[in-house]
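This report goes through the fold, the cores, the surface and the confidence of one protein model. The sequence and structure come before the discussion.

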Amino acid sequence: MAAVIDQISGSWGMVKMGIQAALVVWALAGLLLAALPPASAYSIEGKWPKAAWIGICAVAAVLFAIRPLGFLSLIAMVAVGVFFADVRPAVGGRRR
């Protein structure tokens, strides 16, 4: 019975590490994609400033690296999700 419990807990550890790695990569991709468009694209589209989105994605990456399934990480998941769903499509097409 102990071997089964060890097997399950070891598997959960691997799943948790995979989730953590995916979240960190997701936030770092958001950070990179937030840095690419010019700052004027954010103001033209009526979004928060470029520096704010870079900071949000950077803090999210740190939170995901520290504790990927914590309360603050859940808030960070929503914030990065908003960036990818709303902000990135609006400012991503602008090249100046």
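The model is a predicted one, and in it Leu23 belongs to helix α1. Leaving aside neighbours within four places in sequence, Leu23 is in contact with Phe64, Pro68 and Met77. For Pro68, which is 45 residues away along the chain, the C-alpha separation from Leu23 is 7.4 Å.

Ala65 gives another view of the space between helices. Ala65 lies in helix α3 and counts as partly exposed, at 42% relative accessibility. Not counting residues up to four places away, Ala65 touches Gln20 and Val24. The C-alpha atom of Ala65 is also 9.8 Å from that of Val25, a residue 40 positions off in sequence.

## Fold

The secondary structure consists of four helices and zero strands, and the order from the N terminus is α-α-α-α. Helix α1 covers residues 2–35. The other three are α2 (39–44), α3 (50–66) and α4 (71–92).

Of the contacts with a separation of 6 or more, 66% are between residues 24 or more positions apart. The chain has 96 residues, and 24% of them are buried.

## The largest nonpolar core

Which residues make up the largest nonpolar core? There are eight: Ala34, Ala41, Tyr42, Trp53, Cys57, Phe83, Val87 and Val91. A second, separate core has seven residues, among them Leu23, Ala27, Ala60 and Ala61.

Apart from neighbours within four places, the contacts of Tyr42 are Leu33, Ala34, Pro37, Lys47, Trp48, Pro49, Lys50, Trp53, Phe83, Val87 and Val91. The C-alpha atoms of Tyr42 and Val91 are 6.1 Å apart, although 49 residues separate the two along the chain. Ala41 is also in α2 and is buried at 1% relative accessibility. Between Ala41 and Ala90, likewise 49 residues apart in sequence, the C-alpha distance is 8.4 Å.

Trp53 is another member of this core. With neighbours within four places left aside, Trp53 is in contact with Ala34, Tyr42, Lys47, Trp48, Ala79, Val82, Phe83 and Val87. Tyr42 and Trp53 both have Lys47 in their contact lists.

## The salt bridge

How many salt bridges does a search of the whole structure find? The search finds one. The side chains of Asp86 and Lys47 meet in it, with an N to O distance of 3.0 Å. Asp86 lies in helix α4 and Lys47 in the loop between α2 and α3, so the pair ties together parts that are 39 residues apart in sequence.

Are the two partners buried, exposed or partly exposed? Asp86 is partly exposed, with a relative accessible area of 38%. Lys47 is partly exposed as well, at 23%. Side chains of opposite charge can pair when their charged atoms come close.

## Surface

The protein exposes about 5900 Å², and carbon and sulfur atoms supply 74% of that area. A nonpolar patch on the surface is formed by Trp12, Val15, Ile19 and Leu69, which together have about 350 Å² of accessible area.

Ile19 counts as partly exposed, since its relative accessibility is 31%, between the limits of 20% and 50%.

## Confidence

The mean pLDDT of the protein is 90, and 86% of the residues reach 70 or more. Confidence is lowest in α1, with a mean of 85, and highest in α3, with 97. Where pLDDT is low, the predicted coordinates should not be read in detail.

Methods:
Residues are numbered from 1 along each chain as its sequence is written. This is a predicted model: local features need pLDDT of at least 70, side-chain atom pairs count only at pLDDT 80 or more; totals for chains, interfaces and linings use all residues. Side-chain values use heavy atoms; hydrogens and water are left out. A nonpolar core is a set of buried Ala, Val, Leu, Ile, Met, Phe, Trp, Tyr and Cys residues joined through side-chain atoms within 4.5 Å. Buried means under 20% relative accessible area, exposed over 50%, partly exposed in between (1.4 Å probe, protein chains only). Helices (H or I, at least four residues) and strands (E, at least two) are DSSP runs, numbered from the N terminus. Contact means heavy atoms within 4.5 Å. Patches are made of residues with over 30% relative accessible area and no salt bridge: like charges are joined within 9 Å, nonpolar side chains (Val, Leu, Ile, Met, Phe, Trp, Tyr) within 5 Å. Accessible areas come from the Shrake-Rupley method with a 1.4 Å probe; for residues, only the protein chains shown count as cover. A salt bridge is a side-chain nitrogen of Lys or Arg within 4 Å of a carboxyl oxygen of Asp or Glu. pLDDT is the predictor's confidence in each residue, from 0 to 100.
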